[in-house]
Amino acid sequence: MKFLESISSFWEKCATFTGTASRSEYWWAQLFLFSCAVLILGFAQFEKLETMLFLFDVVIFVPCMALTVRRFNDIKLPTLIPIVVLSLSLFFEILTFGTDEFGILDFLSISIEIFILGACLAPSANKTIKKD
């Protein structure tokens, strides 16, 4: 799947928790979201930066969870894992919103997201090899 197809699919299937998502679909969408976050960092005023990033996270929460669940379907991992860990990550972010210190909840949130990203590196379980 190409970049623009992946972004289109990300928004079209923003609440679809069934089916699968290919590795390229997942990673192109992640690149797009990362680029959006970098743009927010670059253009938001410093006083409003944390609020802008928080709102961005809230807006993309369900579409990201749906994409991750579809990716977990594709690699045959339990789909309850991303639902629980991404919900915990958002919960930790809500608890630490407005604080300037980097604490244990921030560390847990980042660790959870790294775990999910690492799990999504796995190749598709449904892939068949075609011989020419």
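A patch, as the word is used here, is made of residues with over 30% relative accessible area and no salt bridge, in which like charges are joined within 9 Å and nonpolar side chains (Val, Leu, Ile, Met, Phe, Trp, Tyr) within 5 Å; a salt bridge is a side-chain nitrogen of Lys or Arg within 4 Å of a carboxyl oxygen of Asp or Glu. The model is predicted, with local features needing pLDDT of at least 70 and side-chain atom pairs counting only at pLDDT 80 or more, while totals for chains, interfaces and linings use all residues. Residues are numbered from 1 along each chain as its sequence is written, and side-chain values use heavy atoms, with hydrogens and water left out.

The chain has five helices and zero strands, in the order α-α-α-α-α from the N terminus, where helices (H or I, at least four residues) and strands (E, at least two) are DSSP runs numbered from the N terminus. Of its 132 residues, 34% are buried, a class that means under 20% relative accessible area, with exposed over 50% and partly exposed in between (1.4 Å probe, protein chains only). Among contacts (heavy atoms within 4.5 Å) with a separation of 6 or more, 68% come from residues 24 or more positions apart. The chain exposes about 8500 Å², of which carbon and sulfur atoms supply 70%; accessible areas come from the Shrake-Rupley method with a 1.4 Å probe, and for residues only the protein chains shown count as cover.

On the surface, Leu80, Ile83, Val84, Leu88, Phe91 and Leu95 form a nonpolar patch with about 520 Å² of accessible area together. Leu95 belongs to helix α4 and is partly exposed, at a relative accessible area of 47%. In the loop between α3 (46-74) and α4 (80-96) lies Lys76, a residue other than glycine whose phi is positive, near 60°; Lys76 is exposed, with a relative accessible area of 56%.

Three aromatic pairs are found in the whole structure, a pair being rings of Phe, Tyr and Trp (its six-membered ring) with centres within 6.5 Å, and planes under 30 degrees apart counting as stacked, over 60 as edge-to-face and the rest as tilted. Two of these pairs are set out below.

| Pair | Distance between ring centres | Angle between planes | Arrangement |
|---|---|---|---|
| Phe10 and Trp11 | 4.8 Å | 75° | edge-to-face |
| Tyr26 and Trp27 | 5.1 Å | 90° | edge-to-face |

Phe10 is buried, at 1% relative accessible area, whereas Trp11 is partly exposed at 38%. Tyr26 is buried at 1% relative accessibility, and Trp27 is partly exposed at 28%.
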